[in-house]
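These are my notebook entries on a structure that I am reading for the first time. I set down what I looked up, topic by topic.

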Amino acid sequence: MVSDKRPTDSVTGTETTGHDWDGIHELDTPLPKWWLYIFYISIVWSIGYWILMPAWPYFWAGTWHYTQGVIGYTQRDAVSGELQKVAAGRADVVKQIAATPIDEISKNDALMEVALASGKAAFGDNCAPCHGSGAQGSKGFPNLNDDDWLWGGTISDIETTVTHGIRWDADDDTRQNLMPRFLDDEMLKRDQVSDVADYVLSLNGGKSDAAIVARGAAVFAQNCVSCHGADAKGDQTLGAPNLIDAIWLYGGDRASVVQSISHGRGGVMPSWGGRLESVTVKELALYVHSLGGGK
């Protein structure tokens, strides 16, 4: 007669599974009581959760659905409720921001705190793809942290730019002005473009032959001063950049300057006034102005 009783380990007194590997026996150690109790409680809890909460997906009438649960809870409703509470709490402040002239908001700490927070969020959603998350800009997209402005850096200037855009053909207040294509449109010859590029670079400490710089200065005086000024410091009413501050939107190396003169520049910025609420545009302008480069 073969016994059904499994062997017992002589050291621990625990039954083995009966498995044997080269004289090594596998113990059949029972699970701790506390672990088993937690396991059983988890089973009961999960059943209750399946009944109370949305849990089971099912396919019906060609569409996937899910059980709603006894209490009908959804995370979407919970989040929506929280957002409504936040919006209700901000409503009065937002109304004050909308009603207060933009130049006066900075004098009210409570309004300014909300405006900057909202403006930062709006910047991240709408402006960061071009200007960068830190508003540092990149080639062709202005750095908004410095004090070099094409169209002016006052709060009202920034609000106008954000509202109406640049070369966007939105309305009569859209910022309009183009860098001419001096070579493409045969306004200058190739050697003249080369000379005036050397002259512009000389204004920023670049070294070149004095005769070339003199020729370039003459070309500049005849073709460029109407926008950039005789001192080459630019004109914000025209969006003409300062050429002597060593800050370059499209690059300050000789090849980039020659390209700008030859083929022109005409960067575009959307008009956000038709896309965002007026109070959001105001908050955006205040946030950009607060970055450190606003005047």
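**Entry 1: the strand pair**

I began with strand S1 (residues 16–21) and strand S2 (residues 24–27), which pair in the antiparallel sense over three bridges. I take two strands as paired if DSSP finds at least two bridges between them. Helices (H or I, at least four residues) and strands (E, at least two) are DSSP runs, numbered from the N terminus. Two residues separate S1 and S2, and the two strands form a hairpin. In the turn I found Asp22 with a positive phi of about 50°. I also noted that Trp21 stands opposite Ile24 in S2.

**Entry 2: conventions**

I record that this is a predicted model, in which local features need pLDDT of at least 70 and side-chain atom pairs count only at pLDDT 80 or more, while totals for chains, interfaces and linings use all residues. Residues are numbered from 1 along each chain as its sequence is written, and side-chain values use heavy atoms, with hydrogens and water left out.

**Entry 3: the largest nonpolar core**

I next looked up the nonpolar cores, each a set of buried Ala, Val, Leu, Ile, Met, Phe, Trp, Tyr and Cys residues joined through side-chain atoms within 4.5 Å. For burial I use relative accessible area: buried is under 20%, exposed is over 50%, and partly exposed lies in between (1.4 Å probe, protein chains only). In soluble globular proteins, nonpolar side chains tend to be buried together.

The largest core has 29 residues, and the members touching the most others are Phe123, Val162, Leu284, Leu286 and Val288. Two or more residues each come from helix H2 (75–99), helix H3 (102–105), helix H4 (109–126), helix H6 (155–164) and helix H11 (278–290). H11 gives the largest share, seven residues.

I then listed the contacts (heavy atoms within 4.5 Å) of Val162. Leaving out residues up to four places away in sequence, Val162 touches Met269, Pro270, Ser271, Trp272, Gly273, Val281 and Leu284. Another core, of 17 residues, lies apart from the largest one and includes Ala197, Val219, Val257 and Ile261.

**Entry 4: helix H11**

How many of the 13 residues of H11 are buried? I found 10, so this helix is largely enclosed by the rest of the structure. The buried residues are Val279, Thr280, Val281, Lys282, Glu283, Leu284, Ala285, Leu286, Tyr287 and Val288. They pack against H2, H3, H4 and H6.

I also checked the span of H11. The expected span of a helix is 1.5 Å times one less than its number of residues. For the 13 residues of H11 this gives 18 Å, and the end C-alpha atoms are 18 Å apart, which agrees. Just after H11, Gly292 takes a positive phi of about 125°.

**Entry 5: salt bridges**

I counted four salt bridges, each requiring a side-chain nitrogen of Lys or Arg within 4 Å of a carboxyl oxygen of Asp or Glu. Asp185 is partly exposed at 40% relative accessibility, and Arg181 is partly exposed at 41%.

Arg215 forms a salt bridge with Asp195, with the closest N and O atoms 3.0 Å apart. Because Arg215 lies in helix H8 and Asp195 in helix H7, the pair ties together parts that are 20 residues apart in sequence. Arg215 is partly exposed at 43%, whereas Asp195 is buried at 9%.

The side chains of Asp198 and Arg254 also meet in a salt bridge, at 2.9 Å, N to O. This pair links distant parts of the chain, with Asp198 in helix H7 and Arg254 in helix H10 (residues 254–263), 56 residues apart. Is Asp198 buried or exposed? Asp198 is buried, at 11% relative accessible area, while Arg254 is partly exposed at 36%.

**Entry 6: Asp209**

I located Asp209 in the loop between helix H7 (190–202) and helix H8 (210–223). Asp209 is partly exposed, at 44% relative accessibility. The C-alpha atoms of Asp209 and Asp198 are separated by 8.6 Å, and these residues are 11 apart along the chain.

**Entry 7: cysteines**

I looked for disulfides, defined as pairs of cysteine sulfur atoms within 2.5 Å, and the structure holds zero. For Cys224, which is in no disulfide, the nearest cysteine sulfur is that of Cys227, 8.5 Å away. Cys224 is buried at 12% relative accessibility, whereas Cys227 is partly exposed at 25%.
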